[in-house]
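Visitor: Let's talk about aromatic rings. Please bring up the sequence and the model.

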Number of protein chains: 2
Amino acid sequence: MLALMMDRPLTLPSILEHAAAYHGDREVVSRSVEGPIHRYGYRDALARSKQMAKALLALGVQRGDRVATLAWSTHRHFELYFAVTGIGAVLHTINPRLHDDQIVWVADHAEDSVLLFDITFSDQVAQLAPRMKTVKTLVAMTDAAHAPPGVLVYEDLLAAQTPEFEWPDIDERSASGLCYTSGTTGNPKGVLYGHRSTVLHALALALPDAFDLSARDAVMPCAQMYHANAWCTPYAAPLVGAKLVLPGRALDGPSVCELIAGEEVSFLLGVPTIWVGVADHLDQTGGKLTSVRTIAVGGSAPTAALVARIEDRLGGQVRQIWGMTETSPLGVINTPLPAHAGEDRAATLQRKLKQGRGLWGVDLRIVGEDGGLLPRDGKSSGALQVRGPWVASAYFKQDGQQAFTADGWFDTGDIATLDGEGYLRLTDRAKDVIKSGGEWISTLDLEEAVCSHPAVAMAAAVGVPHPKWDERPLLLVTLRPGQSADPEVLKAHVAERVAKWWTPDEVRIVDALPIGPTGKVLKRELRETLAAQTAAVSRT
Amino acid sequence: MLALMMDRPLTLPSILEHAAAYHGDREVVSRSVEGPIHRYGYRDALARSKQMAKALLALGVQRGDRVATLAWSTHRHFELYFAVTGIGAVLHTINPRLHDDQIVWVADHAEDSVLLFDITFSDQVAQLAPRMKTVKTLVAMTDAAHAPPGVLVYEDLLAAQTPEFEWPDIDERSASGLCYTSGTTGNPKGVLYGHRSTVLHALALALPDAFDLSARDAVMPCAQMYHANAWCTPYAAPLVGAKLVLPGRALDGPSVCELIAGEEVSFLLGVPTIWVGVADHLDQTGGKLTSVRTIAVGGSAPTAALVARIEDRLGGQVRQIWGMTETSPLGVINTPLPAHAGEDRAATLQRKLKQGRGLWGVDLRIVGEDGGLLPRDGKSSGALQVRGPWVASAYFKQDGQQAFTADGWFDTGDIATLDGEGYLRLTDRAKDVIKSGGEWISTLDLEEAVCSHPAVAMAAAVGVPHPKWDERPLLLVTLRPGQSADPEVLKAHVAERVAKWWTPDEVRIVDALPIGPTGKVLKRELRETLAAQTAAVSRT
């Protein structure tokens, strides 16, 4: 027996329609690529999105076509989030930090027909577009005064259309977005989001135990709009009527601080390195922020010292989040339970080092090497697998099928534990894990241990071959500006904090660590460099 | 092009599975019908729900079958919310305050096969069940010691099953619940909820700008579980891991206060009369509550004086909600916008008299007598029509089809305005509206005006026939205990607060007003009584 309730599809344009009708004057504020701060209300954003939707239809974009962007977080990118998806096309947000060859590769793989780009990338696009097999139309996301020659101009396309437009009917299971993983191993793999998955994710994201977003918030994503849709906030903010602050390309400390203070931002999100930059800037200027309520930190795990520094400096509470492009990205988020009322600062910081607690919608399980389910005891670590309505069921064109289990779960490639309270703690990426004497050593725990030393800026633990133990840990560290440290002192510091057999055989101070396009240390590159050095030493 | 995201259905058992896995010890506390307070965690609730699901299957309940309850808000009713729906059957929650004939009528109309009842209703069921055409199985929701003879016993059925059970696959569009409107005009009409509609509604309900529910809340619905599923909180609370406090049958001031204080309830909901009882009790005892954060008030509109009294006495903030059985029930809810920061108490109270602001998921429109859309100016009042994924698309067995428009909206039968900020204000029920000289007079505004007089307890404005103006308002009022008032003084009090031509020709003090099964004044009955009196006068 079917229910007798209205069969309204969950579609993305409904979000902006709601924001325009009930929060029409609530602002979307952007640091434009041309320079000035741009501001308008959701009512205007809807009108312009509709104009752009009509312009795309006039360019011949059809349902299911992939429309690519190479762009920062601005109001025009925001408009495309609705204009492209609202006509049933698929928004492919290309990460401009990929290598040129990879940018061409993903555009070809996605079979993009139109490429819209910020003028930052004009020269790059002029060079790469001819190499792309399917891109026929180039649009500079600017006005005629700032556009390079030989391409269409966003503002001109838009001006040619009126805002009168009814969004077409869309099946909620239709694809809406395409985002490629950074691909540190092998080619990038595409995650194909849908209207239903994104709307459900945006709802879950706004819940009190996730991002806790209301009409009284000002939300500033410091993850770019090509990073898993800026963690979906360009959809969640209008859904609740929050102000949306888009930082353009400038994620440096001074620029971010200026927007937080000027726009009274209450909710921030981004990878740990962003907050280091913000805290450094506030240290240097003695500036104080008063509006921040919550800083969601994800992408890589912050240390306890960094959590404390972010909270002291920015004046809000850190909520660690774990997720991936494949999980839209919300997997787990660290919010307290009633049992944590009254815990002291030290206990709070320790709790906040866990990646977070399971929320309705994302089922979690930990699987051992034999394929059996591991207990939720906070100790048994194994492969983290997830399932839910905003988790990928496959990669685009069926790449990387081995990540999807026969019984319908996604194998994240992370190694983790789950505790009795439902908190997830990552111990490693599966590909980074160090296996020594048949047992796993957590690289994240080693890095956390050495980073608690005041002289240390960053750290990376990698496994190096060992004749007896198979692998042993090597800990590479960079120091804070003006600091010095004896490697043996650092080794002793670590030894006090981890199991004896986990203590690295060597702590090595280096000038820098290789950082990938999403701000993470490239451990594969480190291992290759180390192997090459070892080989060179062997040859001499 | 279809998205490549997991096609996980939105089903009700997933909510209790989540609560059991991540909030297994979080309590469901009930005032049992037998007397004592009952408490257990979501883990136990899931196990018992599964046992009951198996017991129902053993009784021959099949997919789509209607399973009825005649029961208060307790843990057993909570278990049935999942046990019945989780096997694909439909939970029909009968309102025990209906007349006996209506109870038999709805059981027959729903074609209920099983009736589970609280022992409060043992005699009534013994009398009524033989008159029901389809009910074959009777189950007393108690243990063997308390059960009446000749019926099955809930605890015995449960004890015969183990908790090992996998919920069957369910299409998310399947029916899950059946709730009849109180039917002040004509026969009751059935609203057939579904898994999808209820899950989406529960998610929306928990958002910060709705009920704002987190794992740190203790939620106590003071609307019974047969009233639009206690406003869906038995689903929303486990979805977020909140404690759930179920008051049994006792909604009097002392009983409610005892549970609020003893269980540290943070979130309350119910009709205005509940809070009058609670405030009266606190007045009498001088008691003070410290845990209450929010009191959601709906069902009928509170006066400003009552809002102030509730907030002062209970120590939380009132959020008015408007909704209906047909809207699951969340239609709009009154939460502040950033523009309201810093408003004074008087302005806050005036704002809180509006029913609330539109949320994503419920589209609202105001339609004039000519069928045209009216502006959102806070003045133009017309028929309130709504649309959304948790709004009914038809009544069970296609009764009352005239309430559903050809273009897919539900006509609520309420007369309302929408203002520029998106706040809805009810002016009347369509059937209660007073039309005088071709213009509408708002009965709610007249009642609000006279209730601001300190001597007045309740009021009801009704239209009486008038030779020149077609109708003129008559205002019936009851006085607070120990108070007296001159009707002419009350009339002058109203005259100062409304348009001159709205002022009622007569204010009449009466001993009592007729109250219906959902706590609302029965205006139809009032009009009939007045008409009979007028006819009697004419005859003499």
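Visitor: Over which ring does the charged end of B:Lys189 sit?
Guide: This is a predicted model, where local features need pLDDT of at least 70, side-chain atom pairs count only at pLDDT 80 or more, and totals for chains, interfaces and linings use all residues. Residues are numbered from 1 along each chain as written, chains are lettered from A and ligands numbered from 1 in written order, and side-chain values use heavy atoms, without hydrogens or water. A charge sits over a ring if NZ of Lys or CZ of Arg is within 6 Å of the ring centre and within 35 degrees of the ring normal. B:Lys189 lies 5.6 Å from the centre, and the ring is that of B:Tyr395.

Visitor: How many aromatic pairs are found over all chains?
Guide: Rings of Phe, Tyr and Trp (its six-membered ring) pair if their centres lie within 6.5 Å; planes under 30 degrees apart are stacked, over 60 edge-to-face, the rest tilted. The search of the whole structure gives 24.

Visitor: What is the angle between the planes of B:Phe78 and B:Phe82?
Guide: The centres of B:Phe78 and B:Phe82 are 5.2 Å apart. The pair is edge-to-face, with the planes at 70°.

Visitor: Is B:Phe78 buried or exposed?
Guide: Buried means under 20% relative accessible area, exposed over 50%, partly exposed in between (1.4 Å probe, protein chains only). B:Phe78 has 0% relative accessibility, so it counts as buried.

Visitor: Which residues do ring pairs link into a cluster with A:Tyr42?
Guide: This cluster is in chain A. Ring pairs link A:Tyr42 with A:Phe78, A:Tyr81, A:Phe82 and A:Tyr235.
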